[in-house]
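Q: I have a structure open and would like to learn how to read its features one at a time. Could you walk me through it?

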Amino acid sequence: MNWEFSMPVKIYFGTDKVKELPQIIDSMGLKNGVLVCSKTLKNNGTAEKIIKDCCGRITAVFSDIRPNPTTDNVNSCVAVLRENNAEFAVALGGGSPMDCCKAACAIARGQDEIESYHTGGKKIWAGETIPMIAVATTSGTGSEITNISVLTDMKKGVKTPMNDPLMYPKAAIVDPRLTLSVPPRVTASTGLDVLAHALESFWSILHQPICESCSLHAARLVFVYLYKAYTEPDNLEAREKMAEASIVAGVAFSNPRTTGSHACSFPLTNLYGVPHGEACALTLDYFTRYNAEAENGRLHRFARDCGFEDAYKMADAITELKKKTGMALTLSDIGVKTDEEIEKLTELSMHPLLEKNPIPLGYDDIKQMYHSIK
Ligand code: ZN
C-alpha cells in the first residue's frame, strides 16, 4: 500500500481562542491585513469586534460574497487585497468566505483573474500568494484546513473545486463559542457535511491509515453529538464536539478527497439551491449501502466501530438523522419533478470525484440512484 500525507496548517482549537488572533498575526510577522467575511458577520458586529481587537492589524473588510462563492466574488476580493497592499487576509465564517478568501490569497500579488487558474489551467505561483488565517464560525466544511476552494463560474456555468499545495491556510482558529449562534437547520446541514467528509474519505480508493483514523473519530462524534447540537444550540459541549468532528474530518478528507455524495451535491446545489451539507446528505445513506461490501467489507468494520451492527444499519441511522433534523429525504422534497430533470442531474453529476469510489459509479448507476430516491 502506497500513501502520502501532508497537513501544513497550524490549528488553534478551544473556547475563546479567537482572542489570540492578534498574537497569532504577530507571531507570523504580519502587519497589514484584510478581513474577508459574509455580509451577516459584517452586519451583526462580529467583524467589527475582531477588527477592534486586532488594533490596526486589519485595515479593510471585504464581505461581498454569496453562498457558494463565484469567481466574480473572488476577483472583487482580489481587487480589495491589491488596493490595500494586503500582506495577509483573515477569513471569518463558514465555507463560502473561506473558499473565496483562499482563492483570492493564492493570486493576490499577481495580475491575473481567478478564472485563468480555476478552469484555465494556469499554475499558482508562490510569489503571487499571501498567507491566510482562517477563523471558522460553523462546524462543517473543514475548509479552514484544506487547500481546496469550490468556486462557481457563472459565465461558464461550472461549479468545481480548485486546489493547489500553495492554497493551504497558514493557520486555522477553531473557537466553538463562535458556533453557538448557528441556527438549527444550518447546524444539521453542516454537521451532515462533516459526516459525508468522514465516510466518503474512508471509502475513497485513496484511503490511507492516518486519514481513516480521523474519519472514524469524526463520524463517531457526529453520531453522538449532532442531534444534541441541533436540539440544544446553547450546549457548549455539543458545539465543541461538533467543531472537533469538523476539523478532524477536514484532516480525513484532505488527502483522500470525497466521492459520490460530493459529486452529486454540486448540481443539487446549483440547480435546486440545496445547502451544501444537505445536498451531500441526500445521497449519503444510499452510497453507504452501495459501498457496504467494497474492499472485503471494511465499511462494516467502520460501522461496528461506530456502534452499529453493520454498514446497512449505519445507513439507516443516517436516514433517521436526516428525518429528525428536517433535511430533505427525496428528490421531490427539493422540487425535482420530472424524469428529464433526473436526466439533467445525472449528466451534471458526472464529476471526476466519482472515480474515487471503490465500486465503479457510471452514468447508469447514478441515474438508478436518483430514481431510487425520487
Ligand atoms: Zn463538503
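A: Gladly! One thing to keep in mind from the start is that this is a predicted model. Let's begin with the metal site.

Q: Which residues are the protein donors of the zinc ion?

A: For a metal site, look for N, O and S atoms within 2.8 Å of the metal. Here the zinc ion has D193 through OD, and H197, H262 and H276, each through NE2, as its protein donors. These atoms lie 2.1 to 2.2 Å from the ion.

Q: How are the donor residues spaced in sequence?

A: The pattern reads D-x3-H-x64-H-x13-H. D193 sits in helix α7 (residues 184-203) and H276 in helix α11 (residues 276-290), so this pair ties together parts of the chain that are 83 residues apart in sequence.

Q: What arrangement do the four donor atoms make around the zinc ion?

A: The general idea first: ideal angles for four tetrahedral donors are 109.5 degrees. To count as tetrahedral, four donors need all angles between 85 and 135 degrees. In this model the angles run from 84 to 172 degrees, which makes the arrangement irregular. A word of caution on reading this: water is not among the atoms, so a site may look incomplete.

Q: Is D193 buried or exposed?

A: Buried means under 20% relative accessible area. D193 has 2%, and is therefore buried.

Q: Let's turn to charged pairs. How many salt bridges does the structure hold?

A: In a salt bridge, a side-chain nitrogen of Lys or Arg comes within 4 Å of a carboxyl oxygen of Asp or Glu. The structure holds 16 of them. One is formed by E278 and R185, whose side chains meet at 2.9 Å, N to O. E278 belongs to helix α11 and R185 to helix α7, so the bridge ties together parts that are 93 residues apart in sequence.

Q: How accessible are E278 and R185?

A: E278 is buried, at 7% relative accessible area, whereas R185 is partly exposed at 43%.

Q: Where do the partners lie in the salt bridge between D72 and K155?

A: Their side chains meet at 3.5 Å, N to O. D72 is in helix α4 (residues 71-83), while K155 is in the loop between β6 (148-153) and β7 (158-163), so the pair links parts that are 83 residues apart in sequence. D72 counts as partly exposed, with 36% relative accessibility, and K155 is exposed at 67%.

Q: What does a salt bridge within a single helix look like?

A: Take K241 and E244, whose side chains form a salt bridge at 3.9 Å, N to O. Both residues lie in helix α9 (residues 236-254), three residues apart, about one turn of the helix. K241 is partly exposed, with a relative accessible area of 24%. Salt bridges can also share partners, and in this way D72, E115 and K155 are joined into one network.

Q: What does the side chain of S246 lie 3.1 Å from?

A: For a polar contact, look for a pair of N or O atoms within 3.5 Å. A polar atom of the S246 side chain lies 3.1 Å from the backbone nitrogen of G140. S246 is in helix α9 and is buried, with 1% relative accessible area.

Q: And which backbone atom lies 2.9 Å from the side chain of S204?

A: That is the backbone oxygen of P256, which is 2.9 Å from a polar atom of the S204 side chain. S204 is placed in the loop between α7 and α8 (209-231). With a relative accessible area of 0%, S204 is buried.

Q: Now for the surface. Which residues make the nonpolar surface patch of about 420 Å²?

A: To read such a patch, look for nonpolar side chains with over 30% relative accessible area, joined within 5 Å. This one is made by M1, W3, F5 and I210. M1 lies in the segment before β1 (10-13) and is exposed, with a relative accessible area of 71%.

Q: What is the setting of E4?

A: E4 is also found in the segment before β1, and counts as exposed at 68% relative accessibility. From E4 to T119 is 26 Å in space, C-alpha to C-alpha, and 115 residues in sequence.

Notes:
Residues numbered from 1 in each chain as written. Predicted model: local features only at pLDDT ≥ 70, side-chain atom pairs only at ≥ 80, totals over all residues. Heavy atoms only, no water. Patch = residues over 30% accessible without salt bridge, like charges linked within 9 Å, V, L, I, M, F, W, Y side chains within 5 Å. Areas by Shrake-Rupley, 256 points an atom, 1.4 Å probe, with all protein chains shown as cover. Helix = DSSP H or I, 4+ residues; strand = E, 2+ residues; numbered from the N terminus. Buried < 20%, exposed > 50% of the residue type's maximum accessible area, 1.4 Å probe, protein only. Donors = N, O, S within 2.8 Å, 3.2 Å for Na, K, Ca; no water. Tetrahedral: all angles 85-135°; square planar, octahedral: opposite > 155°, others 65-115°. Polar contact = N/O pair within 3.5 Å; in protein donor to acceptor, adjacent residues only side chain to side chain.
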